[in-house]
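Please look over the sequence and the structure before reading on.

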Amino acid sequence: LALGRDNLTEILGDKVQVHRLHKEPIGPHPLPMFEADCLGDNYLTVVSWLIANRGDLKVLIHPLSGNAMDDHTVYAQFLGEKLPLDLSILS
């Protein structure tokens, strides 16, 4: 089953919290996107599932540490094509 916003919660249950779809680029993100937060100690389970099921989607994984610049640069991981982020929004 391929990754999709509408089926993430169905598949991963209480391991993730899925947020609304942004149909336009938002913040530093250059494409429309949605956020899915990994809950609790489920990081490896969620990321393993994303690796296996993302299809051709580009996935940015980063923490929510309170430092958005570091989250999007130092700690960011991409699954698939690495997209250029608009970091000027974060400074």
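## Contacts along the chain

The model described here is predicted. Of the contacts between residues at least 6 apart in sequence, 39% join residues at least 24 apart.

## Secondary structure

The chain contains three helices and four strands. Read from the N terminus, its elements follow the order α-β-β-α-β-α-β.

## Overall dimensions and surface

Along the principal axes, the C-alpha trace spans about 35 × 25 × 20 Å.

Buried residues account for 25% of the 91 residues. The accessible surface of the chain amounts to about 6,000 Å², and carbon and sulfur atoms contribute 53% of it.

## Charges

The chain carries 7 positive and 12 negative charges.

Leucine 79 belongs to strand S4, which covers residues 77-79. Because its relative accessibility is 14%, leucine 79 counts as buried; the cut-off for this class is under 20%.

Leaving aside residues up to four places away in sequence, leucine 79 touches Leu50, Ile51, Arg54, Leu57, Lys58, Val59 and Ile61. One of these residues, valine 59, is 20 residues from leucine 79 in sequence, while their C-alpha atoms are 5.0 Å apart in space.

How values were computed. Residues numbered from 1 in each chain as written. Predicted model: local features only at pLDDT ≥ 70, side-chain atom pairs only at ≥ 80, totals over all residues. Heavy atoms only, no water. Helix = DSSP H or I, 4+ residues; strand = E, 2+ residues; numbered from the N terminus. Buried < 20%, exposed > 50% of the residue type's maximum accessible area, 1.4 Å probe, protein only. Contact = heavy atoms within 4.5 Å. Areas by Shrake-Rupley, 256 points an atom, 1.4 Å probe, with all protein chains shown as cover. Lys, Arg positive; Asp, Glu negative; His and termini not counted. Charge placed at Lys NZ, Arg CZ, Asp CG, Glu CD.
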